[in-house]
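Morning, everyone. Please have the sequence and the structure open while I talk.

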Amino acid sequence: MSDTLLKADLPTQRLETAIPDLKPALTRDQALAEANRCLYCYDAPCVVACPTDINIPQFIKRISDDNVRGAAHTILESNILGHSCARVCPVEVLCAGSCVYAEKGEPPIMIGKLQRYATEYAYDHDIQFFQAGPATGKRIALVGGGPASLAAAHELRKAGHETVIFEGRSVPGGLNTTGVAPYKYHAEDALKEVAYVQAIGVEIRTNTLVGRDVSFEQLASEYDAVFLGVGLGPDSRLGIPGEDLPGCVGAVDWIERMKTEAGFTLNHVKKAIVIGGGNTAIDAARELKHLGVEAVTMVYRRGETEMSGYAHELAWARQEGVAICYWAAPAAVEGHTHVTGLRCARTQVGDDGKLHVLNEEFVLEADLVVRATGQEKLTALLSGVPGLQIERGRLVVDAETGQTGNAKYFAGGDCANGGKEVVNAAAEGKRAARGINSYLRHSGSPSEISVTIK
Ligand code: SF4
């Protein structure tokens, strides 16, 4: 596969390259042995658990027959992002978590690792299964270059439409490139997947931010449909004193710089605090530990059972030496010219069932404080598009088609689901592509369109 894209867009001196892959690929013998354990279940629960409906028993059977090419085809025809999903999916709570072996208390089939084995084979051998369909003369604009847009664009291109992705960053791929923990997937791997999608003629315009470099009005007038795959906004703020001090950073922003910026360093950080209890907080804490920070502490307002991060990820974090301070609310970031610590207040759940911040404070020393308490919604960006409905920061879309309240606009991924997995974005992108195809079949010129979404 051509690696022109990688060389053009990603600097070689990046901090993430210091973090090794923690789940190495299977060898051929290992893959064959694991594939032969599969029971090839009828009505397989692993398939039901996969948002992209990959025929898992079929691809595993093909691996057991040493038909790795066929296995890759089975995966990629259902999910064109099967390469990244093999690495970043929380299989423990999706396919592998549903495997019949898990029910029997035995190790489930390593579905993610087998999927990696097959998709990497296709990439390594330059096998392209797909091609653009006969030209329809229709043009689709896709806003945001992340997983949802990539999945939608690929499906639309196969249907013969011209597809143009508008990406504000200098590198495409969205969170797969800028946000996934390096011990799962490196940015250059994400760009290989982008190149695979591009290979059938999907155009990507990087450094082109919709709302700044091109307007929504322009897209609406020049394209037959628009897909919104804009993801979420910047890291949420804490609203406490000291959070603008140097050394207090947002997790998503910090991870992006660590993965993509040339020469970005930790500046001799010895003690780090990560605020939050979700998967991004756990990722950031583990990454800091892998980068050699001596003391990493997660600070969370409630107890372990209330954490939204996956239990298996938290267990890894603990094993790697991350400390966790429960029942502590950040009160102020300490320091004068740079962060020196985090002042916290004790919390507890009162008799009324609500969380109470107690009058009992303590300071944890740190030279880096990472805010990982969520991301803002991009509602301001989208408020300029007439007809869109936004509820609790999410775009309201039709569950079958991904169509928004403005008939010409479709959406999927984090901006519509509030922030889920890559595999959800892939499924929603594909769903919207089907919706757009149907819309284009049944609509006349854009000015004649009027569809009401319930
Ligand atoms: Fe194979 Fe497990 Fe899926 Fe059954 S549930 S088909 S054993 S991976």
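I will go through a ligand site, a pocket and a helix, in that order. Keep in mind that this is a predicted model.

First, the ligand. Where does the ligand sit? The ligand is found in the second largest cavity. The residues around the ligand are Cys38, Leu39, Tyr40, Cys41, Ala44, Pro45, Cys46, Pro57, Cys99, Val100, Ile109 and Ile111. Sorted by class, that shell holds 12 nonpolar residues, with no polar and no charged ones.

Which helix gives the largest share of the lining? That is α14, residues 251-260, which supplies three residues. By class, the lining of this pocket has seven nonpolar, five polar and three charged residues.

Last, the helix. Helix α12 runs over residues 187-198. At 1.5 Å a residue, its 12 residues should span 16 Å, and the end C-alpha atoms are 16 Å apart, so the two values agree.

How many of the 12 residues in α12 are buried? Nine are, so to speak, under cover: α12 is mostly covered. The buried ones are Ala187, Asp189, Ala190, Leu191, Glu193, Val194, Ala195, Tyr196 and Val197. When you look at that list, remember that an α-helix has 3.6 residues a turn, so residues three or four places apart point the same way.

That is the end of my part.

How values were computed
Residues numbered from 1 in each chain as written. Predicted model: local features only at pLDDT ≥ 70, side-chain atom pairs only at ≥ 80, totals over all residues. Heavy atoms only, no water. Helix = DSSP H or I, 4+ residues; strand = E, 2+ residues; numbered from the N terminus. Expected span 1.5 Å × (residues − 1). Buried < 20%, exposed > 50% of the residue type's maximum accessible area, 1.4 Å probe, protein only. Nonpolar A, V, L, I, M, F, W, Y, C, P; charged D, E, K, R; others polar. Near = heavy atom within 4 Å. 1 Å grid on protein atoms, 1.4 Å probe; cavity = no way out; pocket = protein on both sides within 12 Å on 5 of 7 lines; lining within 4 Å. Sits in = over half its atoms within 2 Å of the grid points.
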